[in-house]
Amino acid sequence: MSATLLAATAAPALAAGDRYLNLHQCVYTNGSYLYTNLLANTPNTPFNTGTNISDTRDTVAKCGPAAPGWRLDPANVSVLSLDRVRGRYLNLHQCVYSNGRFLYTNLLSNTPNTPFNTGTNLSYTPDTTPKCAPGAPGWTLDTANVAVQSLDLASGQFLNLHQCVYSNRYFLYTNLLATTPNAPFNTATHVSGSQDLAARCGPGAAGWAIDAANIAALPLDLGTP
């Protein structure tokens with residue numbers, strides 16, 4: 001086996017506290033549409049999640065109680081705990097669905113609402129094609145906003161998750177990826193040697209505006225690569 005292949009498949013050296021990447025997805029409804037949040041630090045604190053890096057595996061999703069008029073939509077809520085000893089690449093699959101009235105964004109592979117689940121995983125190989133379940137009857141994939149972003153967790157100390165949320169005055173659309181075909185909505189999610197402290201979001205297309213209360217950059221310390 002070549003030295004290059006050995007380096008790619010060897011378990012990474014992890015500092016104490018760095019083993020599990022716990023992605024918490026909290027989805028809320030106001031009776032008209034759904035809002036998806038994965039970050040723990042948006043200005044809109046009643047909707048924040050428990051996403052973290054830890055030496056323990058999270059098994060229960062941690063979600064804020066929501067603001068008045070909103071409630072959790074439990075079918076779409078989950079936590080995905082990824083063991084960093086088992087892979088180098090965080091393959092974030094973002095699947096976005098439309099029911100003709102609004103969009104729903106899912107990034108996790110293990111929600112109770114299985115017809116909407118994604119292929120998000122941790123692997124020794126980068127994924128290049130998004131994996132999305134077909135959706136329930138009445139829902140279709142919104143392909144312009146569907147993508148996979150493969151992040152090399154060995155390439156820098158910080159996983160900088162950027163969440164960009166947009167409003168068209170009728171509903172909200174959440175995007176976490178830098179790689180969707182719908183480039184005006186793309187984010188700056190990446191792995192780097194430095195922390196990102198401010199979200200970087202595309203301007204959105206005509207008729208859409210950034211919903212500042214729900215956007216943030218969450219830098220997660222991966223330890224020294």
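## Exercises on the disulfides

At 22% relative accessibility, Cys201 counts as partly exposed, where buried means under 20% relative accessible area, exposed over 50%, and partly exposed in between (1.4 Å probe, protein chains only). The model is predicted: local features need pLDDT of at least 70, side-chain atom pairs count only at pLDDT 80 or more, and totals for chains, interfaces and linings use all residues. Residues are numbered from 1 along each chain as its sequence is written, and side-chain values use heavy atoms, with hydrogens and water left out.

**Exercise 1.** Find how many disulfides a search of the whole structure gives, and state the pattern they follow.

*Solution.* Start with the criterion: a disulfide is a pair of cysteine sulfur atoms within 2.5 Å. Searching the whole structure with it turns up three disulfides. Next, count the bonded cysteines along the chain; the pattern reads 1-2, 3-4, 5-6.

**Exercise 2.** Describe the link between Cys164 and Cys201: its S to S distance, its handedness and the parts of the chain it ties together.

*Solution.* Take the distance to begin with: the sulfur atoms of Cys164 and Cys201 are 2.1 Å apart. Then turn to the torsion about the S-S bond, which is about -90°, so this disulfide is left-handed. Now place the ends: Cys164 lies in strand S11 (residues 158-167), and Cys201 in the loop between strand S13 (190-192) and strand S14 (209-210), so the pair ties together parts that are 37 residues apart in sequence. Helices (H or I, at least four residues) and strands (E, at least two) are DSSP runs, numbered from the N terminus. To finish, check Cys164: its relative accessibility is 0%, so Cys164 counts as buried.

**Exercise 3.** Which cysteine is joined to Cys26 by a disulfide, and is Cys26 buried or exposed?

*Solution.* The partner is Cys63, with an S to S distance of 2.1 Å. This pair links distant parts of the chain, 37 residues apart: Cys26 sits in strand S1 (residues 20-29), and Cys63 in the loop between strand S3 (52-54) and strand S4 (71-72). For the surface, Cys26 is buried because its relative accessible area is 0%, while Cys63, at 23%, is partly exposed.

**Exercise 4.** Work out the handedness of the link of Cys95 and Cys132, then the exposure of Cys95 and of Cys132.

*Solution.* The disulfide has an S to S distance of 2.0 Å. About the S-S bond the angle is -90°, and the link is left-handed. Finally, Cys95 has a relative accessible area of 0%, so Cys95 is buried; Cys132 has 24%, so Cys132 is partly exposed.
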